[in-house]
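Subject: Structure handover

Hello,

I am passing on the structure we spoke about. Please open it first and read the notes after it.

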Amino acid sequence: MAQLPFIAAIDAGIHQEMKRDPKVLYFGQNMATTENHEFVAAYGHDRVRVTPISETAEIGIAIGAAMAGLRPVVELYMAEFMLVAMDQVCNEAPRFRYMSGGQVKVPLVLKAGFGFACGWAGQHTGSLTALFMGVPGLKVVVPSTAADAKGLMATAIRDDNPVVYLHHYLLTLEPGEVPDGEHLVPFGKAEIRRSGGDVTIVATGWMVPRSLGAAEKLAKEGIQAEVIDPRTVAPLDLETILKSVAKTGRLVLVDQAPRHATVSGIIAGEVAEHGFSSLKAPIVQVTARNATVPYSEPLEAYVIPDEERIIAGVRSVLKSRR
Amino acid sequence: MSVQAPNAERQIWIYTQMLRIREFEERVKRSFTEHPGVIRGHTHLADGAEASIVGSLSHFRPGDAALATYRCHGYPLVLGSDPKAMMAEIYGRADGLCKGLGGSMHLTDVKRGFLGTSGIVGAGIPHAAGAAWAAQIRKKGEVVLSFFGDGASKQGAFHETLNIASLWKLPVIFVMENNGYNVVTTTAQEDANAAAGEPLAIKAKAYSMPGVTVDGFDPLAVFATVGAAIERARAGGGPTLVESKVYRLSAHGNIIAPPGVPLHYPEHEAITVFGKREEYEAALRGDPVPRFRGVLVKSSVLNSGKADEIAAQAAAEMQAAVDFALKSPFPRLESALENVYA
């Protein structure tokens, strides 16, 4: 085990796979511009390249390279930059295996940061996870710890499908214990970050530490929250969530996206359909307020869920009955 | 680089492949009237592009790859795909090339190097560049052919990809089949180069790669032009943009209509939209299939008896494809849920 910041753990995952598999490529904008860039030095320009600002071509090239047998990782920096190339992400990469009747595989990783709520204003702060999770053929990964950042990246690279790997920008420097050597985290297996019997909280990305913070405060009042981190939202481990709800009977979903663009809405629908008999109270969703993320600091904080709003959500779900 | 002209045997092969494409497409078109309801959605034919397709693919070797668009029936026929499986795919049947999951717009035959077809204009161009990057890493002199239309050259994907392909010297040949129309919009109405009276191949200049224009109705001219571009790419010289001037001999596609309205092929847009019947008829007079037959008979590569024999064989082969596809069952319902993920 080593203490690594989240961002170094992601790199460790990429290194782990590039070392073992010469088919793995890594490329994107503003990287690999010198011979001593760590990935260029280790793997050479055949596999590591800088691209111009051309997201459509970058992701499209990844798709073609993947169909030709390689395993590209595209460094996109910000999730919003995928919006420039939405056709390639949502209507090309996930379609070819299907439309060809299973003749091709499209193993690639689209690595992008998201949710940079620290004064980046309206166009670099979005939480777009739900936009991708409903596209058949895409997998969507949202690590919240350094260990998962490494292990989920490695699994993403080995996966034979296009994977959108969304790392939260505000977790970038968060340190964590990261296993040395080969480390893989399976897709579709949620992690229970904190056990509790009174209420279930489900959150991804930066909302995980915020939910854990809220849970600690609630614990001082004797309220024990179970905090679940799905880690991947496609595939989504509903079983773990339903099992927890069967135990607690109460569910609070925390999501950094605006109300109608959330992963939480999808989970709420599934739990309402498959876990209704366990529910002692209506499901509560704590989401961003329905606005573009504002620049000014107090306004930004007002729009995005914080510990206080999560605590309020828990209190309301504990008070209400159905 | 100059490419040696194809010998007599190869010229006959080229003519045979052109006829096979024409006969296949004729039967796709006829299916709308002879077997109404069998073909769904939107279907796009390659009639008029046969010389361009076959001339380009004449240089294809094992290990090379080709990618194309929704107008994709011609290429796999030349690369050796089974027309029975292709027609079954277009009819949505279990024996289809893609198990009935893709249909007319998405024919794919990976074993024969036909890697993929995107239905979104221009979107497949970067895929070809990606496959060319893989070829560049393999270092075996393999190349990728990227086929698309003139309309795609107005997409960002085209410009972004040509820039990177030239920058990285990728072994890819961009074959733009310029048929003069983006559906019902003429090239001059949407392309600054065309409006200025310049060839579309001039776009290559912006990306510091060779750009050449060729008569896409002449298979030997295409053979020479694309062949030179392929040799250049195999030798590590990088990409070329080839503008192959063709003419669609059918409309853009069958009519777009909701269920209940029988689908059919309307007349070409030159007639239905612009009232220029003479333009269309001039193109018909230059039809590359009879034109090349004339060339081969005149040069004594073929006599008319042999030419008729090839035509009869192609017709029988493609009729057998229709008969096979009609008899093929629909896929199992559960197969709709297979192949979503690898």
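The model is predicted, and every value here is computed from it.

Chain A overall

Chain A contains 13 helices and 14 strands. Its radius of gyration is 20 Å, close to the 20 Å that the globule rule gives for 322 residues, so chain A is as compact as a globular protein of that length. Of its 322 residues, 56% count as buried. Taking the contacts in chain A between residues at least 6 apart in sequence, 77% join residues that are at least 24 apart.

Domains of chain A

Chain A is split into domain 1, residues 2-178, and domain 2, residues 191-319. The centres of these two domains of chain A, taken over C-alpha atoms, are separated by 27 Å. In the contact between them, 22 residues of domain 1 of chain A meet 22 residues of domain 2 of chain A. On the domain 1 side, helix 7 (129-133), strand 6 (139-141) and helix 8 (146-158) of chain A each supply at least two residues. That side of domain 1 of chain A is made up of 12 nonpolar, eight polar and two charged residues.

Contact between chains A and B

Chain B gives 33 residues to the contact with chain A, and chain A gives 34 residues. Three elements of chain B give two or more residues to its side: strand 2 (114-118), helix 5 (124-138) and helix 6 (156-167). Helix 5 of chain B has the largest share of that side, with nine residues. Sorted by class, the side of chain B that touches chain A holds 19 nonpolar, 11 polar and three charged residues.

Helix 6 of chain B deserves a separate note. This helix has 12 residues and runs 17 Å from its first C-alpha to its last, close to the 16 Å expected at 1.5 Å a residue. Its buried residues are A157(B), F158(B), E160(B), T161(B), L162(B), I164(B), A165(B) and S166(B). What do the buried residues of helix 6 of chain B pack against? In chain A they pack against strand 3 (48-51) and helix 3 (55-67), and in chain B against helix 5, strand 4 (172-178) and strand 8 (240-245). After helix 6 of chain B comes K169(B), with a positive phi near 50°.

In soluble globular proteins, nonpolar side chains tend to be buried together. Here the largest nonpolar core has 197 residues, and those touching the most other members are L110(A), A66(B), A129(B), A131(B), V172(B) and I173(B). Domain 1 (2-178) and domain 2 (191-319) of chain A each give at least three residues to this core. Leaving out neighbours within four places in sequence, A66(B) is in contact with L57(B), F60(B), Y75(B), L79(B), G113(B), F114(B), L115(B), L145(B) and F147(B).

Single residues

A214(A) is part of helix 9 (residues 207-219) of chain A. Is A214(A) buried or exposed? There are 29 other C-beta atoms within 10 Å of A214(A), so this residue is buried. Apart from neighbours within four places in sequence, A214(A) is in contact with E307(A), I310(A), I311(A) and V314(A). From A214(A) to S195(A) is 19 residues in sequence and 13 Å in space, C-alpha to C-alpha.

A234(A) and P235(A) are joined by a cis peptide bond, with omega about 0°. P235(A) sits in the loop between strand 12 (232-234) and helix 10 (238-248) of chain A.

V183(B) is not a glycine, yet its phi is positive, about 55°. V183(B) is located in the loop between strand 5 (181-182) and strand 6 (185-186) of chain B. It counts as exposed because it has 12 C-beta neighbours inside 10 Å, and the cut-off for exposed is 12 or fewer.

S300(B) is also not a glycine and has a positive phi, about 65°. The loop that holds S300(B) lies between helix 12 (288-298) and helix 13 (304-327) of chain B. With 8 other C-beta atoms within 10 Å, S300(B) is exposed.

Regards

Note on methods. Residues numbered from 1 in each chain as written. Chains lettered and ligands numbered in written order. Predicted model: local features only at pLDDT ≥ 70, side-chain atom pairs only at ≥ 80, totals over all residues. Contact = placed C-beta atoms within 7 Å. Helix = DSSP H or I, 4+ residues; strand = E, 2+ residues; numbered from the N terminus. Nonpolar A, V, L, I, M, F, W, Y, C, P; charged D, E, K, R; others polar. Rg over C-alpha atoms; globule rule 2.2 N^0.38 Å. Buried ≥ 20, exposed ≤ 12 C-beta atoms within 10 Å, placed from the backbone. Expected span 1.5 Å × (residues − 1). Domains from an automatic or database assignment. Core = buried A, V, L, I, M, F, W, Y, C linked by C-beta atoms within 7 Å.
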